[in-house]
Amino acid sequence: MGIALNEGLSQISLIFIYAAMAIYTAAFLTFANHLARLASEKKKVRGAATKIERIAIVLMIIGAVLHGVGVVLRGVAASRVPWANMYEFSITGSFVVVSIFLLALTIKDIRLIATFVSGFTLLILGSATSIFYVEVKSLMPALQSYWLVIHVIVAICATAFFNIAAGLSIAYLLKSAKWAQKPKKEFVITIKRILDLFPNVEKIERLAYRFNIIGFILWSFTLIAGAIWAERAWHRYWGWDTKEVWTFIIWTIYAGYLHANATRGWTGKRSAWLALIGFAAVLFNFTVVNLFFKGLHVYSGLN
Amino acid sequence: MVISSSRFDGDITTPELSLAGWSRWTWRQLTSMRTALLLLLLLAIAAVPGSIYPQRSADPNGVTQFFDNNPELAPVLDAMQLFDVYTSVWFSAIYILLFISLIGCVVPRTGVHYQALRSAPPAAPKNFARMPASASVKYAKNTDIAERAETLLRKLGYRVVRNGKAVSAERGYLRETGNLVFHFSLIGVLIAVGVGGGLSFSGQRVLVEGETFVNNLASYDSFSPGTFFNESRLQPFSMSLDKFEVDFDIKNQTNVGTPLDFRAFVSSKVSPDLVPQSALIRVNEPLAMPGANIYLTGNGYAPHITIRDAEGNVVFAGANAFLPQSTTYTSLGVIKVPDVERQFGIIAFFYPTVDKLTTGALTSIYPAPIDPLMTMNVYEGDLGLDGGVPTNVYALDTSKMKQIAGGKSGTKGLQLALGETVELPNGLGTVTFDDIRRFASLDVSYNPGGIWVLLFALLSLAGVTTSLLVPRRRVWVRQTTEGFEVAALARGDDPILEKVVGEVVEKLKAKDKK
Ligand code: HEM
């Protein structure tokens, strides 16, 4: 059996990723500029997207297209799905985040977190290309399974939903924070004015909740698919391997979050904090656990 | 029986509670949502240390190593069960409490839900405008509005009752059903994990090409049974490893030497009189045998060696598994020759594709046998096999032995290419490197709980999805003097409540146009 790895193509893929990063940078700056303008214009209400905002969104779409091409080429270069090590997981994952964000934008007014999403995507791609980069390699036999395809892509989608929800929770906490209610400092007054231009807190909270429930369903599926795959590859469906432990922890935190939303005294801020703790655990699982913890899931591809 | 609460004397006055009162109070606390929430978060926190410290179940060598590196700290952590987190008293206590709380929570809820399923939607509120979504419509032809609303809402899947000029409707009972199914399925998962784990076993066996394994306890190199296991559960079968193949990448620059595929060709029999069945085992593709699955977990080389004494009698012939030491399969093996006048043992290195480092040491540069070489250090003396204590076949205890070839013994170590025969030192005879075989490490596992865990997990996934995505809402329609009113109330999260009201209004008017 042979495989064909295409070095040249993986280099071209990398160029597309860099190009996407450049465009995302422009989008991020434009969104930030827009926020700054809102702050100085002292408008009371915010209507449809302004010209600047539309330019930023178009930039983000162009970035996403380049990004998507980069991801696909990487897959072609490796002749398999492009999510088998941390570099690939990062580029594919951030692409899914941007896509879901852009899609959601057509349905819901979540422009509020556009700056966050573009900035965060930039951060992920930056770490991917500088810290996590590895040449295309074939998969070790334990990873050659369609469960890899299913389990990981669903995990990526779950992460994307949690990511967007986390952005909304941050916005929620900022908007409902005590210090933002009766601001004294000029700086805080400005932030407050920007925040006031966006949907009210209840709306943001409900949106965050909806992204989180989709994330939770996908994460539950990830957990089950992982167990099925572990049963095939490691002859037990669950063994408290470090990665399994963290998948479980994340699931439990978000289950707690869902309960919090139905518990008197725990809705609102507390549940928003829980959602953020949950997302922090997702990030921790992806970075620290992958790189520094010992376990069977050694797929960072880095030594 | 009444227990007075004498602990609370002095100026703190507390109502006296009977034992029954106390237990009722405790039970209510335990089964409250807040407790469930706190226990869930506690469970998440309690799971963390198991990812920081090595666990006996997943990484026993890591635990041994931890004890070696931290002789002071390790016993303290061990006393706190930090190397057995997931079977520890405190972790178990949390999840058992959580599940007691769960049962206490969902059983009464099931009763309530059963009632709700059989009762009519509540009557229309007095003031529609107070509802989260409502509309008041001016409409002249409103005489049969209640009747039409009833038909419409019923068609939309609501449960409807009409009361004069008002209609009450409710839908989305599946939301609570899903919730209950989810929570009950979690109990199912827990039971299936527990019972399945008790009935399970897993055994390991290294099998060299040409060897046959028979499924009984004596055939396993190591075996770990669950609590309810007994030997009669091992069903009879045998399996031979006919051939083991590996593909290593040699074409792609960045990837040379990476394994692409492992294939174990086996033939198995479930009864001695049957014709053997051929099958293929790969890493993600175990072989299903009666009462067990056979997994491929590792592989390596097993060079076939023949040793003859000075007279030419064969004193050892066989293929011992050599353990791979690197990704290029530099492999280490041990040969023990006990049944001779002077016992001796050999520590051998096998290099599939040999190369010399600048230091003069040998190494393997590619994992497949392109230019194979074996080197041997020979030790003479007591092998330590006569005491009846089981010894590790992969290690040679040289404490009572003297090195007679290789190292600092003064005699050079032996080097053998494939097919070569060389003399052993001290007139011990000769050794021949006949053949290169491969071995497969196999894992024979059985867990009857697995399928039930999966079923309950899928059921709970279906339950939670239903519960989170099906909106539950009530809709009311009432005829007024100038037209009609519509109102809706969501129970739980409902993204389209306002749209629903709009649609009902539109449809009630549209009917008229036909
Ligand atoms: C193993 C422990 C538990 C887990 C993993 C868990 C998980 C969940 C999840 C994921 C949800 C949201 C999905 C849904 O609405 O169906 C939920 C909802 C709910 N859980 Fe649990 N739960 C657990 C224990 C409990 C306990 C002990 C109680 C009772 C005190 C409880 C009561 C509820 C209730 C009432 C809801 C519905 C909340 C709502 O109306 O949205 N759960 N649970």
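1. In this predicted model, the largest cavity is lined by Ser169(A), Tyr172(A), Ile204(A), Glu205(A), Ala208(A), Tyr209(A), Tyr257(A), Asn261(A), Ser271(A), Ala272(A) and Ala275(A). Two or more of these lining residues are given by each of the elements α5 (146-176), α7 (201-234) and α9 (269-292) of chain A, and the largest share, four residues, comes from α7(A).

2. The space in the largest cavity is about 70 Å³, and the count of cavities of 30 Å³ or more comes to three.

3. On the domains, the assignment for chain A gives domain 1 with residues 1-134 and domain 2 with residues 143-303. The centres of domain 1 of chain A and domain 2 of chain A, taken over C-alpha atoms, are separated by 19 Å, and the contact takes 34 residues from domain 1 of chain A and 36 residues from domain 2 of chain A.

4. On the cysteines, a reader may wish to know how many disulfides are counted over all chains. The count comes to zero, where a disulfide would call for a pair of cysteine sulfur atoms within 2.5 Å.

Terms used. Residues are numbered from 1 along each chain as its sequence is written. Chains are lettered from A and ligands numbered from 1 in the order in which they are written. This is a predicted model: local features need pLDDT of at least 70, side-chain atom pairs count only at pLDDT 80 or more; totals for chains, interfaces and linings use all residues. Side-chain values use heavy atoms; hydrogens and water are left out. On a 1 Å grid over the protein atoms alone, a cavity is a set of points where a 1.4 Å probe fits but cannot get out, and a pocket is an open set with protein on both sides within 12 Å along at least five of seven lines; lining residues have an atom within 4 Å of a point. Grid points are joined across faces, edges and corners, and a volume is the space filled by probe spheres set on the points. Domain bounds come from an automatic or database domain assignment. Contact means heavy atoms within 4.5 Å.
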